[in-house]
Amino acid sequence: MKNSDVAYAEAQWERYTYCRNRGHLKFIENAERCDQFALGQQWKEETAHKLIASGRPVLTLNKILPTTMTMLGEQIQNRTDILFRPRAGASSDTADALTKVFSQIAQTNQLQWRRSDLFLEGIVRGRAFYDVRIDFNDAMQGEVRITNLNAKNVLIDPDASSYDPDEWSDVFITSWMTWPDIAMLYGEQHAKALRGGIGSDLPIFGHDSVFEHTDRFGGDFSNLGDVPEGTKDDGTYRSIRVLERQWRKYAKTEHFVDLTTGDLRQVPENWDRERIAAYLDRQQGNVAVIDKKIKRLRWTVTAGPVVLHDDWSPYRHFTVVPFFPFFLYGRSVGVVENLISAQELLNKAASQELHIINSTANSGWVVKEGSLTNMTVEELEMRGAETGLILEFNSDVPPQKIHANAIPSGLDRVTYKAEEYIKSISNVSDSMQGFDREDVAAKAIALKQQRGSANLTKLFDNLERTDFLLASRVLTLIQSYYTEPRLLNITHDGLDRAVEEVQVNQPDEATGAIINDLTLGEFDIITASAPARQALEDSQFEQAVSLKQLGINIPDATLIENSRLMRRADLIKQMEASSQSPEAQAQREMQQRGAAAEVAVKEAQAQKTQVEAQVLASTGGQPAGPAGPDPELAREEMDIKIARLKLDAQRQAADVELERQRMEHSLLAGSEKLTREQEMKEQELAVKAASEAAKAQTAAQGQEESAAKERLARLREAEDPDATTP
């Protein structure tokens with residue numbers, strides 16, 4: 001091993017200790033305390049031992065856990081959808097394909113659960129981190145891998161003050177590895193060098209205060225002396241501490257420059273000269289390559305005095321993506337940290353109250369020396385609070401029970417105040433937890449729940465900011481590494497869980513162009529908050545039922561899809577299949593003909609009214625019978641009757657026109673819907689015997705036409721028995 005490598009490793013160790021001692025140790029101490037309070041370990045061991053030894057109760061009423069669970073429930077009920085929109089040199093089709101690719105990456109990495117883990121760690125400890133990089137374990141072409149990092153193992157640049165890691169100088173990720181891990185990732189020679197215990201003052205196996213409390217199933221760290229001899233070298237014991245540093249260093253790099261807009265984009269590290277030339281040819285002179293001096297990322301990994309890796313980073317951003325619940329210029333705070341004092345007050349007040357109650361039940365006795373005959377003083381001390389206790393004494397002064405002091409007034413209010421402090425500090429009220437009083441109106445509860453969610457807006461706004469940073473890192477990796485033709489499978493969240501195949505970077509044999517070329521163009525990232533599917537379905541179902549009750553024609557399939565019925569997809573398929581049957585089609589046609597017959601009857605009524613009005617107008621309003629005693633009065637009455645008939649005729653004509661428009665719209669909508677349904681179910685209908693279906697349909701139509709004609713004749717006869725024409 002070269003002396004220069006040892007010096008380089010020592011320089012990295014010095015930078016690590018600088019970052020560790022300037023804020024990270026304080027964060028670990030605070031995070032450990034918050035972890036203990038969230039998990040219910042809220043008493044210091046020495047304090048609890050002293051109280052137990054003195055006979056005092058030690059109560060832990062963990063209100064922090066349900067409070068954080070309520071916040072976590074709010075986060076789970078509201079997800080973020082990532083969308084990409086074209087900005088420069090990109091098409092909308094490519095942006096849609098990019099959105100689907102991100103969806104596939106999110107499904108592969110189970111991002112919805114990793115996001116919940118990130119949120120929980122953030123509100124407990126005050127900070128949490130994703131790690132985003134390319135993984136080649138499952139795919140030779142590489143795929144984006146998103147994991148969660150333990151915040152205690154991530155050391156941020158202590159001189160930084162920004163939320164965005166692009167403004168940090170460096171970041172450390174510490175981890176423990178086995179011998180086979182070192183040999184596999186960094187080479188057998190490095191593993192052998194570490195096994196040999198090469199001379200250096202840097203610790204290889206030792207652990208500093210960062211690892212005093214490790215988050216493992218086995219609890220705190222155990223040194224090599226606690227490990228059985230047979231397991232020290234079998235590749236299962238993680239004994240080598242590795243420091244991974246990502247940092248910035250100035251260097252000249254090649255950039256693509258858009259000659260029209262002036263936009264710059266760094267040439268991917270893995271592109272060779274031929275690929276760059278091919279890209280420039282496709283741009284037809286609109287893009288050129290220039291050298292530009294920028295801060296590039298350097299990636300250095302050391303273990304003790306051994307430099308395991310030191311080279312330019314293959315990424316343009318740090319792999320670390322942070323989440324800070326509340327952030328102010330380099331200072332972050334979670335939710336649990338501010339609840340610790342109120343939780344301690346609740347535990348101490350409740351324990352003291354129980355101690356006073358216990359003291360009241362067995363407050364003690366005053367006994368004259370030697371007066372007890374059926375027991376000793378020690379037995380009285382042990383049994384003095386028993387029910388039905390009998391004391392026998394031989395003295396004129398009977399044993400007297402000591403009257404305990406009354407419970408101080410207001411002590412019971414302390415526990416109530418402590419609970420209220422927790423609610424007000426966390427902004428999680430009884431309404432949000434579902435513990436409101438029974439006499440509170442449901443509308444008032446809903447409004448208070450809405451107000452409580454608004455109090456957590458900044459918390460979720462920072463989470464959405466983290467989603468944006470994550471999407472930007474994933475976009476960079478996609479454009480740098482998803483450069484070859486790929487076929488991606490995406491499972492949609494719909495009721496049928498349909499699987500869609502998305503092709504990207506596919507060459508068009510006819511034109512030579514690349515379809516859905518993800519490497520081209522710039523895109524805007526849109527983070528849209530949306531409720532989780534379960535909550536969305538419940539809300540959609542309630543709204544659809546309300547609209548249908550108001551008379552709006554909501555399809556039955558929409559109600560079933562957003563309901564909680566089991567096997568909803570099968571039920572919808574059965575409904576669609578039954579709607580395509582000849583009987584259903586015949587029934588729809590019969591309903592349409594019946595509606596058309598009703599319109600015809602109304603048209604006949606309107607025409608009859610108009611004829612009567614015209615006859616009266618042509619006769620000058622004279623009645624058919626003999627004239628009345630007062631011709632002027634009769635003429636005025638007839639004018640009024642004619643006006644009424646004209647008004648009725650106009651109203652009926654308007655009603656007929658409205659009904660005709662409604663029927664035309666209904667028939668058109670029904671025809672379009674039928675056409676869509678037939679296209680969707682064309683394969684299913686092809687299975688049925690065409691000849692039998694046609695015969696059945698023809699027979700049904702003949703019967704329905706006869707029935708419709710008979711019904712129309714009866715309607716006309718009932719309306720005007722003397723009418724011979726419509």
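**View 1. Strand β2 (residues 128–135) pairs with β10 in the antiparallel sense over four bridges.** In this predicted model, local features need pLDDT of at least 70 and side-chain atom pairs count only at pLDDT 80 or more, whereas totals for chains, interfaces and linings use all residues. Residues are numbered from 1 along each chain as its sequence is written, and side-chain values use heavy atoms, with hydrogens and water left out. Helices (H or I, at least four residues) and strands (E, at least two) are DSSP runs numbered from the N terminus, and two strands pair if DSSP finds at least two bridges between them. Within the pairing of β2 with β10, D131 stands opposite V320 of β10. The open sheet to which these strands belong has three strands in the order β3-β2-β10, with antiparallel pairing. Its edge strands, each pairing on one side only, are β3 (143–149) and β10 (320–323). On average, neighbouring strands of this sheet are turned by 25° against each other, direction ignored.

**View 2. Helices α5 and α14 against the sheet.** Helix α5 (residues 111–125) lies across β2, β3 and β10 and runs at about 145° to β2; axes here are lines fitted to C-alpha atoms, for helices over the stretch in contact, and angles run from 0 to 180 degrees between N-to-C directions. Helix α14 (residues 457–481) packs on the sheet as well, touching β2, β3 and β10, and its direction makes about 170° with that of β10.

**View 3. The packing of helix α4 (residues 92–108) with α14.** The two helices pack at an angle of about 105°, with their axes 11 Å apart. Helices α4 and α14 are therefore roughly perpendicular to each other, a term that covers angles of 65 to 115 degrees. In contact, meaning heavy atoms within 4.5 Å, L98, V101, F102 and I105 of α4 meet A471, V474, L475 and I478 of α14. By class, the contact of α4 with α14 has eight nonpolar, no polar and no charged residues; Ala, Val, Leu, Ile, Met, Phe, Trp, Tyr, Cys and Pro count as nonpolar, Asp, Glu, Lys and Arg as charged, and the others, Gly among them, as polar.

**View 4. Strand β5 (residues 170–177) and its partners β4 and β6.** Seven of the eight residues of β5 are buried, so this strand is largely enclosed by the rest of the structure; buried means under 20% relative accessible area, with a 1.4 Å probe and protein chains only. Strand β4 (residues 154–156) is joined to β5 by three bridges, the two running antiparallel, and I156 stands opposite V171 in β5. Strand β6 (residues 240–258) pairs with β5 in the antiparallel sense over eight bridges, where M177 stands opposite I240 of β6.

**View 5. Alternating side chains along strand β15 (residues 486–491).** In a regular strand the side chains alternate between the two faces of the sheet.

**View 6. A595 in helix α18 (residues 582–618).** At 14% relative accessibility, A595 counts as buried. The C-alpha atoms of A595 and E659, 64 residues apart along the chain, are separated by 9.4 Å.

Methods
Buried means under 20% relative accessible area, exposed over 50%, partly exposed in between (1.4 Å probe, protein chains only). Angles under 35 degrees count as roughly parallel, over 145 as roughly antiparallel, 65 to 115 as roughly perpendicular and the rest as oblique.
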